[in-house]
Protein chains: 2
Amino acid sequence: MREVLAQAAFQLFLERGFERTTVDDIVARAGVGRRSFFRYFPSKEDAVFPDHERCLAEMTEFLAAADDGDPVGAVSDAARIVLRMYAANPEFSVQRYRLTREVPGLRTYELSVVRRYEQTLAGHLRSRFGADGDGALRAEVIAASVVAAHNNGLRLWLRSGGEGDPEVAVDHALALVREVWGRPTAPAAPAAPEASVVPAAPLAVSGGSGGDGEVVVMVARKGTPMWRVVQQIESAVGEN
Amino acid sequence: MREVLAQAAFQLFLERGFERTTVDDIVARAGVGRRSFFRYFPSKEDAVFPDHERCLAEMTEFLAAADDGDPVGAVSDAARIVLRMYAANPEFSVQRYRLTREVPGLRTYELSVVRRYEQTLAGHLRSRFGADGDGALRAEVIAASVVAAHNNGLRLWLRSGGEGDPEVAVDHALALVREVWGRPTAPAAPAAPEASVVPAAPLAVSGGSGGDGEVVVMVARKGTPMWRVVQQIESAVGEN
């Protein structure tokens, strides 16, 4: 019944436009009573995105079961749940993308949904990073980066008309975030410093012909989270 | 007149609640006709955020005049324009923050505004990074990071009741993004490689007692964008 209503609604939105379609039109097309619609969907907007609630629930469940060792990897994988929901029905996803571009109310609705995904990812990262220091800040910035990267890849695919495999573009985009924000930390490696930086002695770079010729030399354990490496380099070269 | 209407509207929203206040209530309080309201504000929601349009215009102007050498710095500075708008009127900003938490329609409105800021920043970065390769992807991820960092600092200040200087938290948050995503590139330095990585020979780390003991040694020119350093390290250690 839910499926039938969502399909009837979407057909009408494409035929007549979102604004000009009423809930009465939808229930007439689906052959059910008006109350049935509101039993399944709080609003017309919700009928355009019938799978996001399920997807959010799946994401929450996935993250609750995720390993502690690689939080950035876990939220990247969680974002892929959304991608798979779009990829499962390319034609519908592309038509909906076009419809959403044209209807301000649907764009706003979509922003709210995206924000909920982002908050779900950030909540997971916060729980793993802890409340001390920059944990919450890093959680929010990384969650926003993952969502932006995911949506960049997803949009490329939607704009291309849903041709090919959207996973390629999304994997590439998420890899960029992961490069910057970290790798799984090696388990149980407490004693060695994660990364250290030899403060910049002004050396000539072999083959260098421009710039100021100063270099930094950085030594890091493999598996050190990239943000930590970056932090160390920055503080050593004193460019804060 | 615009100011008078916004103030009357906001007082009423605090006294009676946003939903229970009509445009007629607002114009009666302000002592003007109904049409005057819609001359200045498309909707009740717009009256709650009377400064965002001006702020967006200022941001666009600022970015158009920004130097080419440091696009990440430019968008960070552009985000600070929004912060200064909030900081100029702490009491109003804090009351509005509380009101917005309670009214779903205002939260959605705010998300649309934040999205417009993000797109303005991303547009600037895209124009500087160019369309080739990962230019658009990096632009969108960095814009999202800057917005998330800015909002983290701003929210800390709003939640604290607007005490103290919000610039401290926002500067700290934006510095984190900047550390990761880049510094101004040195002008006219074509010949020397930006960064190179000595592929990981399995060396013992002095004092190391755990983990696998492998290290990477990285040599980079000062001023190399951090994402480039990260890319080089990642590709050298082969953990992609």
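Colleague: What makes up chain A, in helices and strands?

Modeller: Chain A has 11 helices and two strands. This is a predicted model. From the N terminus, the order is α-α-α-α-α-α-α-α-α-α-β-β-α.

Colleague: Why is α5(A) called roughly parallel to α8(A)?

Modeller: Two packed helices are described by the angle between their axes and the distance between the axes. Helix α5 (residues 52-64) of chain A packs on helix α8 (residues 104-129) of chain A at about 5 degrees, with the axes 10 Å apart. Angles under 35 degrees count as roughly parallel. Therefore α5(A) is roughly parallel to α8(A).

Colleague: Which residues meet there, and what classes do they belong to?

Modeller: From α5(A) come H52(A), L56(A), M59(A), T60(A) and L63(A). From α8(A) come V113(A), R116(A), Y117(A), T120(A) and H124(A). By class, the contact has five nonpolar, four polar and one charged residues.

Colleague: Why does D24(A) count as exposed?

Modeller: D24(A) has 10 C-beta neighbours inside 10 Å. The cut-off for exposed is 12 or fewer. So D24(A) counts as exposed. The residue sits in helix α2 (residues 23-30) of chain A. D24(A) and R34(A) are 10 residues apart in sequence, and their C-alpha atoms are 6.4 Å apart.

Colleague: And the buried side: what makes a set of residues a nonpolar core?

Modeller: Its members are buried residues of listed nonpolar types, joined through C-beta atoms within 7 Å. The largest nonpolar core has 69 residues. L121(A), A143(A), V146(A), L121(B), A143(B) and V146(B) have the most contacts inside it. Leaving aside neighbours within four places in sequence, V146(A) is in contact with V75(A), S76(A), A79(A), L121(A), L174(A) and V177(A). Of the 240 residues of chain A, 35% count as buried.

Colleague: How many of the contacts in chain A join residues at least 24 apart?

Modeller: Among contacts between residues at least 6 apart in sequence, 63% do.

Definitions and conventions:
Residues are numbered from 1 along each chain as its sequence is written. Chains are lettered from A and ligands numbered from 1 in the order in which they are written. This is a predicted model: local features need pLDDT of at least 70, side-chain atom pairs count only at pLDDT 80 or more; totals for chains, interfaces and linings use all residues. Helices (H or I, at least four residues) and strands (E, at least two) are DSSP runs, numbered from the N terminus. A residue is buried if 20 or more other C-beta atoms lie within 10 Å of its own, exposed if 12 or fewer, and partly exposed in between; C-beta atoms are placed from the backbone. Two residues are in contact if their C-beta atoms, placed from the backbone, lie within 7 Å. Axes are lines fitted to C-alpha atoms, for helices over the stretch in contact, and angles run from 0 to 180 degrees between N-to-C directions. Angles under 35 degrees count as roughly parallel, over 145 as roughly antiparallel, 65 to 115 as roughly perpendicular and the rest as oblique. Ala, Val, Leu, Ile, Met, Phe, Trp, Tyr, Cys and Pro count as nonpolar, Asp, Glu, Lys and Arg as charged, and the others, Gly among them, as polar.
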